[in-house]
Amino acid sequence: MVIRHVSRAVIARSVALALGAALLLPVPGAAARSREPEPPRPRPLPARSQLDRPGTQANPGGPGTAAPPSDLSALSWIVADARSGEILAARDAHRKLPPASTLKALFAVTALPHLRSGGTHTVTDGELEGIGFGSSMVGVEAGYRYRVDDLWRGVFLSSGNDAVRVLSAMNGGFAATVRQMQAKARSLGALDTKVVSPDGYDAQGQVSSAYDLAVFGREGLTDPEFIRYASTKLADFPGGRVTYPIQNTNRLLTGADGVDAYRGLIGVKNGYTTNAGNTLIAAAERDGRTVIATVMNPQDGGHAVYEEARALLDWGFTAVGRVRPVGSLLPPPPPPRPAPGAVSPSAAAPSPRPLAVSVAQQGEVAEGDGGWSTGSVVGTGAVLALVGAAVFRARGRRGARGEH
């Protein structure tokens, strides 16, 4: 009898424990809903820019708008609206090529703010050392005092590597100027450029691109002093003991050597080396519009660099405001900096919902916001209560998509 009584007690306790365990088991599907929230999905990669694609890139224009020139021999080129920064058309915009003296445009936008006209400088022998063999020279001589204004004209008109060397020395030295130019290029979003020599002389590893050269030219057009030098056709240069005339080597500006001058041309800079071939940054203004074109290494030779730039400028003036751009010369916006004492993104509360969110979007992140919204687990009742816990979670969809 005792054994029978104990057995029933054991059985009763076993049944109670089994019942409690059963009550703790989730209802079908509840386990899946009560798991830890999944980590955010990786942000989708930005859409590939048209400028990253090989070949000529252009979008159809409105009625009566022709396609960009199709018979250009340049390895790379760009035509853009200098005011808005919109690139109207391009070919292999980010192809890295030797820039020759068009790199002097980057030198100017870097050093000119620190070396304005009005000052003077006496040139030393050391400042003229290291000039590459066969370099273009304006005739700077050691031991003579020059106005900074004259040295800059030597850079823009005669593409004088000797003038660049002296100005670089005044700017903190050759190596410091290279570092400054590299930093300036990065700050402008010109990521294809590697600076080795400030004058653009052929150097191992020194490259730029049609995109970057257009960025440098556009930046220069924001400085009236840059424009004044770039658009000067003739000037007198104090070459030591004598003064002699110098002429801008940009034939599209001067109309020299059988090249017709381009109406409204501002400049900017031409170049040539054995490795780079002919290169050119050209900007012109007509009827309140400013168009900039860059041409790198035309394969037709001769004066093709000027004629192909002419064709691009002509088309650009007809295309501004009529074609959908293929890219932009504007630098990418810097990432937002957190305010002092701000909570780290991982611990911060979800950002406020954009004001444009419609009623239908309540409860999820708006398209383009790129944020995530995660609900919390809600449950009530005691451990052995007969009432089950209710768990829910809502997750917003990531909709941001970057585009260059």
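Buried here means under 20% relative accessible area, exposed is over 50%, and partly exposed lies in between, using a 1.4 Å probe and protein chains only. Now show all of α7, residues 210–220, and you'll find it mostly covered, with 10 of its 11 residues buried. Helices (H or I, at least four residues) and strands (E, at least two) are DSSP runs, numbered from the N terminus.

Before moving on, remember that this is a predicted model, where local features need pLDDT of at least 70, side-chain atom pairs count only at pLDDT 80 or more, and totals for chains, interfaces and linings use all residues. Residues are numbered from 1 along each chain as its sequence is written, and side-chain values use heavy atoms, leaving out hydrogens and water.

**Next stop: Ala 93.** Look in the loop between β3 and α3 (104–111). Ala 93 counts as buried because its relative accessibility is 1%. Ask the viewer for its contacts (heavy atoms within 4.5 Å): among them are Ala 210 and Tyr 211, along with Leu 51, Ser 76 and Ile 78.

**Now the strands.** Select β3 (residues 86–91) and β1 (residues 56–58), which pair antiparallel over three bridges; strands pair if DSSP finds at least two bridges between them. Thr 56 sits opposite Arg 91 in β3. β2 and β3 make a hairpin with four residues between them, and Gly 85 in the turn has a positive phi of about 85 degrees. Finally, bring in β11 (residues 327–328), antiparallel to β3 with two bridges; look for Glu 86 opposite Ser 328.

**Last stop: α4 and α5.** Select residues 148–156 and 161–170: the two helix axes come within 8 Å and cross at roughly 135 degrees. Axes are lines fitted to C-alpha atoms, for helices over the stretch in contact, with angles from 0 to 180 degrees between N-to-C directions. That makes α4 and α5 oblique to each other, since angles under 35 degrees count as roughly parallel, over 145 as roughly antiparallel, 65 to 115 as roughly perpendicular and the rest as oblique. Show side chains, and Trp 152 is one of the α4 residues in the contact, while Met 170 is one of those in α5.

Key
Lists of a residue's contacts leave out its neighbours within four places in sequence.
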